[in-house]
Structure formats: C-alpha cells, structure tokens
Amino acid sequence: MQRSPAEGYQQASLSEQKVDGEDFIQTDVCPKAGDVILDLGCGTGELSAHLAELVGPEGMVTGVDPDKERIQLAKETHSQIENLSFVEGSAINFPGIGAKVYDIIFSNYALHWMTNKQQVFKNIPAEGYQQASLSGQKVDGEDFIQTDVYPKAGDVILDLGCGTGELSAYLAQLVGPEGKVTGVDPDKERIQLAKEAHSQIENLSFVEGSAINFPGIGAEVYDIIFSNYALHWMTNKQQVFKNMFDSLKVGGKVAVQYMSYLPLFDYNAYVLLNPENAERIFRLFHFESKTKMECYCLSAGFDEIIRSFDTHCKGLVFETVQEFLEWQWSTTCGLFDPSLATEERLKKYLGPYTDEDGKLSLDFRGTKHEKVTVCRLLAVKKDKEHL
Ligand SMILES: C[S@@+](CC[C@H](N)C(=O)[O-])C[C@H]1O[C@@H](n2cnc3c(N)ncnc32)[C@H](O)[C@@H]1O
C-alpha cells in the first residue's frame, strides 16, 4: 500500500530530525517539569511527545504545523498523551500567539521553512498592527489629513491614540522643522515600535499616555489635536473632549476620525470565528453616535463645529483570508485568536463574501458588500473675548 508524504515523513524523521532534535533538547534546551512549551513546526509530533514526557503531568506541550496531514498523524499517534495537543497553524497563527503563555518556544529543523523571520521572532500584536495599519487606518488617516485637517508649517500637534505612529510621522513631515508632533498611546509595545521606527525624525516624539494623561494636558499648547480611529476605544468621552479643549491654543482645532458603530463584517468575525473571545473583544470598544459626539464637543467648550459627517472607509480591503485574520488579531491587541477560525467556521463566515464561481472578495470600501462608514469631526476653540 502506498504511503502518504506525511507517513513517509513520520518514518524518515525517526532517524534524522528526531535524533538531532533529542540531542538539542537534552544538551541545550533542558526543559523543566511544569514547563508550557510550543513546538513550532512540529511535523508528525515525535519531539513534541518527547517534550511532553519531560515536562511531566504539570507541564503542557502544543505542537503546531501548517501541514494538515502531519498534524492528523501526530494526533492519531500520540492521542494517549494527556498533556500534549496538536493544532494546525503556523508561525504567524498559533494558540496563545502574543499572549506570553509559553516558557519555551521550541522549533527543530523548521525555521528555514518559514518566511518573514523577523515577524516570527517578534510575534507580538503591536508588530502585526504596524504592518496591518499601513493598508487600513493609514490610508484613511492620510486622506483625512489631506482633505480636512490641513496642518500648516510650524503647527504643534498632538496625535492622540497614535498606535505605531505612522500618521504622527506624516504630520511631522507636513509641519516641517518649525513644527512639532507628539504621539501618545497607552499601548507600551506600540509606542516602543513607534519610537524605534521613527527615531530619526527630529520634530517627532512618542510618549506612553492616554486621553486623560498626555504631555501639555490643560496647558493650551497645541494648534491641532488629531486622533485617527482611536476615539471609539476611549471611555468617558465628555472628559476626553474637555481635555482636548483645555489643551488647545485659542484658535486651535480638534480633528477626529472615529467609528460610531461596529461594522457587520467585524461583528460577524468575532461571533462566528471567535465565539470563545467575542464578549471580551466587544468590551474593547466604546462606540457612540455622531450626534452624541457633537454634544460632547459643544459641552466641552468648542463654540463651533466646522464639519461633522460620515464618509466611506477607503482602506478596508484584504487580499487573503490570512491577511484578514492577522488584521483582526493585531487590531484587537491579540484578543482575536486566528487559530480558533476553523475551516468550518471560516466557510460559514466567508459565504456572503464569496461569489457563485467561488471567488472571494474581502473588500469593505463601500464598493461591494456592506458600505462601512467612518465619522469625521472638526471643531475650533475660539477666543471668547472676541466673540
Ligand atoms: C485603531 S488604533 C489607531 C492608531 C492610529 N491612530 C492609526 O490610525 O493607525 C487605536 C489606538 O487607540 C489607542 N487607545 C486606546 N485607548 C486609548 C485612550 N484612552 N487614550 C488614547 N489612546 C487610546 C489604542 O492603544 C490604539 O493604538
């Protein structure tokens, strides 16, 4: 009877990779009892089983491999080992990714099969966000800046909820050497990445902080307070608008782009692909209507709203399912777990986005499927004495 390639691999690996892997484990890795280990690129799982034995019943080993047949064989062969599980996945999509749950991430003869090794080593949601936001939030943010915000040379700008700082860098370029931009975000890892990526820009700085704790708060120092896709992450928006008002110079303006609702494609992704995490993901967001946002703005002291309107998202298009899943993972700071998006769940989720010929289109820019909209609000702080 003919063997499948996976079965052939299972046999062949016993005398090659397994010998070297065991030697590596014994002489260099030295796992301890109780360790939680990920075996990345586990193949048919012989070394994962060996690791499971070494960490004992208090420990746990998860073997991950993108090869369906190898994972199937691994499951069949080692089903009796209680502290061992196998999951179809990859170096950018494995259980516990970004969640700091492993004592050891072990990988034997697998790294040279993987592309984008920088991502593999650093696999943290902030890094994914930095990549993913380039085609999404950054496109919409740049459009907002160009068509509505109009920063001038010399302006002093706060970018509130700056993420990994791509738009702060763009603003710094627009205000020139006489101007200054400060990017603020509560996500330590995103701020760290922003600092590393843009360290050469002299008129730009990044600070870990939030909408209730940022440099210059209450001190009337900014010409513009800009915020892109961040307001719907913030609670107590009345206070946020008050803080922005108090921190703007007289004549300064607030320019915010935010979501007033959770788009259907996101809602369904959480409910259908990640039901285990959906409730926790929903709690990340604090959507409020455009009318309410305008009320907060006026109550905070802004006398005049220059513009407040809905517009279509321009950056929401994904080339592949993998790209879409990674985007969900990174924008939810690692809460959305791509490994829970099983084939069966994906089939149900992707149904509405697949045409009769089986062609998939994950394009939410308002051309197909639902038309996802985003709100823009611009208001000026006037000099009360000259009203
Ligand atoms: C979707 S990201 C947008 C990032 C960036 N503005 C962009 O356009 O790429 C939303 C950001 O808001 C930040 N955020 C969440 N709560 C915040 C708060 N209370 N104050 C300031 N920023 C906050 C998050 O950490 C996250 O980086």
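Y150 lies in the loop between helix α7 and strand β5 (156-160); helices (H or I, at least four residues) and strands (E, at least two) are DSSP runs, numbered from the N terminus. Y150 has a positive phi of about 45°, although it is not a glycine. Most residues other than glycine have a negative phi. With 13 C-beta neighbours inside 10 Å, Y150 counts as partly exposed. On this scale a residue is buried if 20 or more other C-beta atoms lie within 10 Å of its own, exposed if 12 or fewer, and partly exposed in between, with C-beta atoms placed from the backbone.

Before going further, a word on the model. It is a predicted one, in which local features need pLDDT of at least 70 and side-chain atom pairs count only at pLDDT 80 or more, while totals for chains, interfaces and linings use all residues. Residues are numbered from 1 along each chain as its sequence is written.

C333 has a positive phi of about 55° and is not a glycine. C333 sits in the loop between α14 (321-331) and α15 (343-350). C333 is partly exposed, with 19 other C-beta atoms within 10 Å.

Now step back to the whole protein. Its secondary structure comes to 15 helices and 13 strands. Buried residues make up 41% of its 387 residues. Among contacts between residues at least 6 apart in sequence, 75% join residues at least 24 apart; two residues are in contact if their C-beta atoms, placed from the backbone, lie within 7 Å.

Let us visit the sheets. An open sheet of four strands has the order β3-β2-β1-β4, with parallel pairing; two strands pair if DSSP finds at least two bridges between them. The edge strands of this sheet are β3 (84-88) and β4 (104-106), and each pairs on one side only. The twist averages 20° from one strand to the next. For such angles, axes are lines fitted to C-alpha atoms, for helices over the stretch in contact, and angles run from 0 to 180 degrees between N-to-C directions.

Follow strand β2 through this sheet. Five bridges join β1 (residues 36-40) to β2 in parallel, and V36 has M60 in β2 as its bridge partner. Five bridges also join β2 (residues 60-65) to β3, again running parallel, and here T62 stands opposite S85 in β3. Helix α4 (residues 68-77) packs on the sheet, touching β2 and β3, and its direction makes about 160° with that of β3. Strand β2 itself is mostly covered, with six of its six residues buried. M60, T62 and V64 point one way from β2, V61, G63 and D65 the other way, and all are buried.

Helix α3 (residues 46-55) is mostly covered too: seven of its 10 residues are buried. Those buried in α3 are E46, L47, S48, A49, L51, A52 and V55. Just after α3, G56 takes a positive phi of about 70°.

The other sheet to visit is an open one of seven strands, in the order β7-β6-β5-β8-β9-β13-β10, with mixed pairing. At its edges stand β7 (204-208) and β10 (304-312), each with a single partner strand, so one side of each is left without a neighbour in the sheet. Neighbouring strands here are turned by 15° against each other on average, direction ignored. Eight bridges join β10 to β13 (residues 373-380), and these two run antiparallel. R307 has L378 in β13 as its bridge partner. Helix α10 (residues 237-247) lies across β5, β8 (222-228) and β9 (248-258), running at about 145° to β9.

What about the interior? A nonpolar core is a set of buried Ala, Val, Leu, Ile, Met, Phe, Trp, Tyr and Cys residues joined through C-beta atoms within 7 Å. The largest nonpolar core has 54 residues, of which I157, L158, L171, I225, F226, V254 and C297 touch the most other members. Leaving aside neighbours within four places in sequence, V254 is in contact with I225, M244, L248, F302 and A379. Apart from this core lies another, of 21 residues, among them L38, A49, A52 and I71. In soluble globular proteins, nonpolar side chains tend to be buried together.

Finally, the ligand. It is surrounded by 21 residues, and the closest are Q137, G161, G163, A230 and W233; a residue is near a molecule if its C-beta atom, placed from the backbone, lies within 6 Å of it. Helix α7 (residues 137-149) supplies the largest share of this shell, three residues.
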